[in-house]
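Please report on the fold of this chain. Cover its strands, its helices and its core.

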Amino acid sequence: MASISAQSPPSMTELQQWALDSPRQLKILRASLHKAITGEVLADGAALDEVPEKVVLVATELATNALRHGLPPTIVRLGRAGDHFYLDVCDHSPDSVPEYAAKRPLGQGGLGLLLAQKFSLEMGWYVQGNTKHVWAEFPVPG
């Protein structure tokens with residue numbers, strides 16, 4: 001389980017960026033993000049035991065949170081520094097603090113931050129200007 005940091009992630013080289021303004025765009029994000037990591041499209045029903053699928057799941061959950069609780073656009077960035085991928089999801093609602101929904105019953109949503117904490121090496125959030133960032137770190141496979 002990831003440790004949680006109140007700092008920004010290390011400097012990274014941005015590999016790709018997506019701007020979302022609607023939950024309808026999440027399917028496109030999932031397929032495009034998986035392809036950015038592996039060079040292959042995410043297969044329907046793919047198992048979540050591999051890093052690319054975990055990155056896609058966490059990106060989807062964090063982007064859903066940003067779309068639901070933040071101000072658009074939601075920006076999702078995939079970056080790399082050394083042997084780590086960094087996922088950075090931001091919205092323009094810096095006063096809205098990310099909250100863990102640990103006591104919420106399963107099936108009622110709100111598990112994005114918990115999944116990010118479970119699947120990533122490290123995660124955190126910070127505010128820069130009028131933008132709130134939630135980020136997670138993953139190992140590069142192989």
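**Layout**

This is a predicted model. The chain holds 3 helices and 6 strands. Starting at the N terminus, their order is β-β-α-α-β-β-α-β-β. Of the 142 residues, 42% are buried. Contacts between residues 24 or more positions apart make up 63% of those with a separation of 6 or more. The exposed surface comes to about 7,700 Å², and carbon and sulfur atoms supply 51% of that area.

**Strand pairing**

| Strand pair | Residues | Sense | Bridges |
|---|---|---|---|
| β2 and β3 | residues 13–20 and residues 74–81 | antiparallel | 7 bridges |
| β3 and β4 | residues 74–81 and residues 84–91 | antiparallel | 7 bridges |
| β5 and β6 | residues 122–128 and residues 131–139 | antiparallel | 7 bridges |

Strand β3 pairs with β2 and also with β4. Q16 has L78 of β3 as its bridge partner. R80 lies opposite F85 in β4. V127 faces K132 in β6.

**Helix α2**

Helix α2 covers residues 51–69, which is 19 residues. At 1.5 Å a residue it should span 27 Å, and its end C-alpha atoms are 27 Å apart, so the two values agree. Buried here means under 20% relative accessible area. By that cut-off, 14 of the 19 residues of α2 are buried, so the helix is largely enclosed by the rest of the structure.

**Core**

In soluble globular proteins, nonpolar side chains tend to be buried together. The largest nonpolar core in this model has 29 residues. Those with the most contacts inside it are L29, L33, V58, V76, L87 and F138. Elements giving two or more residues to this core are β2, α1 (26–38), α2, β3, β4, α3 (112–119) and β6. The largest share, 10 residues, comes from α2.

V58 shows how the parts meet. Beyond its neighbours within four places in sequence, V58 is in contact with L87, L115, A116, F119, A136 and F138. Two of these partners, L87 and F138, are themselves listed with V58 among the residues with the most contacts inside the core.

How values were computed: Residues are numbered from 1 along each chain as its sequence is written. This is a predicted model: local features need pLDDT of at least 70, side-chain atom pairs count only at pLDDT 80 or more; totals for chains, interfaces and linings use all residues. Side-chain values use heavy atoms; hydrogens and water are left out. Helices (H or I, at least four residues) and strands (E, at least two) are DSSP runs, numbered from the N terminus. The expected span of a helix is 1.5 Å times one less than its number of residues. Buried means under 20% relative accessible area, exposed over 50%, partly exposed in between (1.4 Å probe, protein chains only). Two strands pair if DSSP finds at least two bridges between them. Contact means heavy atoms within 4.5 Å. Accessible areas come from the Shrake-Rupley method with a 1.4 Å probe; for residues, only the protein chains shown count as cover. A nonpolar core is a set of buried Ala, Val, Leu, Ile, Met, Phe, Trp, Tyr and Cys residues joined through side-chain atoms within 4.5 Å.
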